[in-house]
Amino acid sequence: MLERFLGCFSSDLALDLGTANTLLSVAGEGIVLDEPSVVAVEGQTNRILSGGCAVGHLARQMLGRTPKSISVVRPLSDGVITDFELCEAMLRYFFHKAQRGGLRLKPRVLVAVPGCITPVEKRAVFNSTHRAGARQVFLQTEAKAAAIGAGLPIAEPVASMVCDIGGGTTEVAVISMADVVASRSIRAGGDKMDRAIVDYLRRHYSLRIGLSAAERLRIDTGSAYPLEEELVQEVSGLDTQSGLPRKATVTSEEVRQALGDPLEKILEAIKETLDHCSPDLAADLVDSGMVLCGGGALLRGIDRYLAEQTGLPVRVTAEPLAAVARGTLICLEHFDRWRPTFQSSDDDV
Ligand SMILES: Nc1ncnc2c1ncn2[C@@H]1O[C@H](COP(=O)(O)OP(=O)(O)OP(=O)(O)O)[C@@H](O)[C@H]1O
Ligand SMILES: [Mg+2]
């Protein structure tokens with residue numbers, strides 16, 4: 001009763017708290033905020049710059065270009081919160097922005113979290129979201145949210161398979177009758193791919209590049225499957241011997257080689273998930289295949305690579321970066337229907 005009354009004066013929020021990007025949606029309105037999960041702080045005091053506003057896009061612009069006294073920090077790593085205070089500050093700023101600064105009561109917030117999250121890491125999500133201004137916090141698994149957001153018929157008695165490749169984690173799940181029947185959640189995604197590119201350039205070119213440069217190289221030139229026309233790109237860094245800046249020309253074949261290891265990990269997670277399916281569910285998947293979501297789904301040829309390796313039809317969902325946010329919003333808007341699948345801070349975690 002009280003909840004219903006309070007609900008009249010607050011807008012519930014759906015939160016995709018990602019390692020790379022945070023998306024917030026308001027029930028009845030859709031996605032209202034989509035910003036990088038970064039904050040810029042003064043090194044000595046750990047205070048957020050620009051009066052607490054150097055968060056998201058603004059902070060991202062500063063990445064790799066700040067003097068020593070300033071650092072641009074990502075409060076999440078591998079899908080989980082690693083800096084509690086900054087995560088709380090970032091969320092508080094985002095909640096305020098999503099609610100357009102209006103005078104409202106504290107919202108209920110539904111947060112999408114990776115399946116591999118530990119009880120301690122879950123507690124951190126509850127605490128940070130509460131302290132940032134939520135009245136009540138609920139959790140939904142990212143894989144289920146992604147499947148719902150991709151429009152898969154997960155409530156039906158047929159198997160649907162989803163693979164969400166984010167910046168920090170990859171979530172793979174087979175879902176039937178609204179329940180996850182097999183899943184794997186691994187700490188591998190875009191960030192691990194960038195580290196693999198940094199390592200490759202150090203080993204093969206004696207060139208030290210930053211993670212942002214590696215990400216640019218991956219997005220502009222990266223692929224998981226041979227391209228019809230292979231690409232080349234110049235990359236700048238520091239010579240590991242002389243310490244001086246120089247350039248190197250890298251081909252898309254080389255970037256693909258660098259991505260081999262992290263891609264293999266993702267493939268392994270998919271195969272292990274399939275291994276845990278009953279023959280009947282696996283038979284469904286031969287027809288329905290697997291849907292890819294998350295920013296990692298935008299890597300060139302990843303659908304072809306995974307289709308060839310698994311023998312399943314694979315497709316990338318529309319607007320893959322927003323799939324989890326769309327699914328979380330649908331769960332929020334049909335709160336009573338999906339509530340049994342949420343975890344709340346009152347449940348034993
Ligand atoms: N066009 C693109 N090609 C390849 N990768 C891309 C592209 N656009 C974005 N990405 C990558 O997608 C990743 C971010 O995806 P996403 O927003 O789904 O992750 P996240 O939800 O923040 O992370 P997680 O769910 O793992 O915590 C980044 O690693 C980014 O480099
Ligand atoms: Mg994500």
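How many bridges join strand S14 (residues 232-239) to S15? The model shown here is predicted, and each legend below takes one close-up of it.

View 1. Let's start with the ligand, which sits in the largest pocket. There are 20 residues around ligand 1, and those that come nearest are Thr19, Ala20, Asn21, Glu215 and Arg218. Sort the shell by class and you get twelve polar, five nonpolar and three charged residues. Helix H8, covering residues 211-221, gives the most to this shell, with three residues.

**View 2. Oxygen atoms of ligand 1 and their polar contacts.** Zoom in on threonine 19: one of its polar side-chain atoms is 2.6 Å from an oxygen atom of the ligand. Glycine 168 uses its backbone instead, with an N or O atom lying 2.8 Å from an oxygen atom of ligand 1. How much of ligand 1 does the protein bury? Taken alone the ligand exposes 660 Å², and the protein buries 90% of that.

**View 3. An open sheet of six strands.** Read across this sheet and the order is S3-S2-S1-S8-S9-S18, with mixed pairing. At the edges you'll find strand S3 (30-36) and strand S18 (343-344), each of which pairs on one side only. Now look at S1 (residues 13-17) and S8 (residues 108-113): these two pair in the parallel sense, over four bridges. To spot a bridge, pick out leucine 15 and find its partner in S8, valine 111.

**View 4. An open sheet of three strands.** Here the order is S13-S14-S15, and the pairing is antiparallel. Strand S13 (207-208) and strand S15 (245-251) are the edge strands, each pairing on one side only. Back to the opening question: S14 and S15 run antiparallel and are joined by seven bridges.

**View 5. The hairpin of S11 and S12.** Strand S11 (residues 170-176) pairs with strand S12 (residues 179-186) in the antiparallel sense, over seven bridges. Valine 172 has arginine 184 in S12 as its bridge partner. Which residue of this hairpin takes a positive phi? That's methionine 177, with a phi near 50 degrees, in a hairpin that has two residues between the strands. While you're looking at strands, remember that in a regular strand the side chains alternate between the two faces of the sheet.

Conventions
Residues numbered from 1 in each chain as written. Chains lettered and ligands numbered in written order. Predicted model: local features only at pLDDT ≥ 70, side-chain atom pairs only at ≥ 80, totals over all residues. Heavy atoms only, no water. Near = heavy atom within 4 Å. Polar contact = N/O pair within 3.5 Å; in protein donor to acceptor, adjacent residues only side chain to side chain. Areas by Shrake-Rupley, 256 points an atom, 1.4 Å probe, with all protein chains shown as cover. 1 Å grid on protein atoms, 1.4 Å probe; cavity = no way out; pocket = protein on both sides within 12 Å on 5 of 7 lines; lining within 4 Å. Sits in = over half its atoms within 2 Å of the grid points. Nonpolar A, V, L, I, M, F, W, Y, C, P; charged D, E, K, R; others polar. Pairing = 2+ DSSP bridges.
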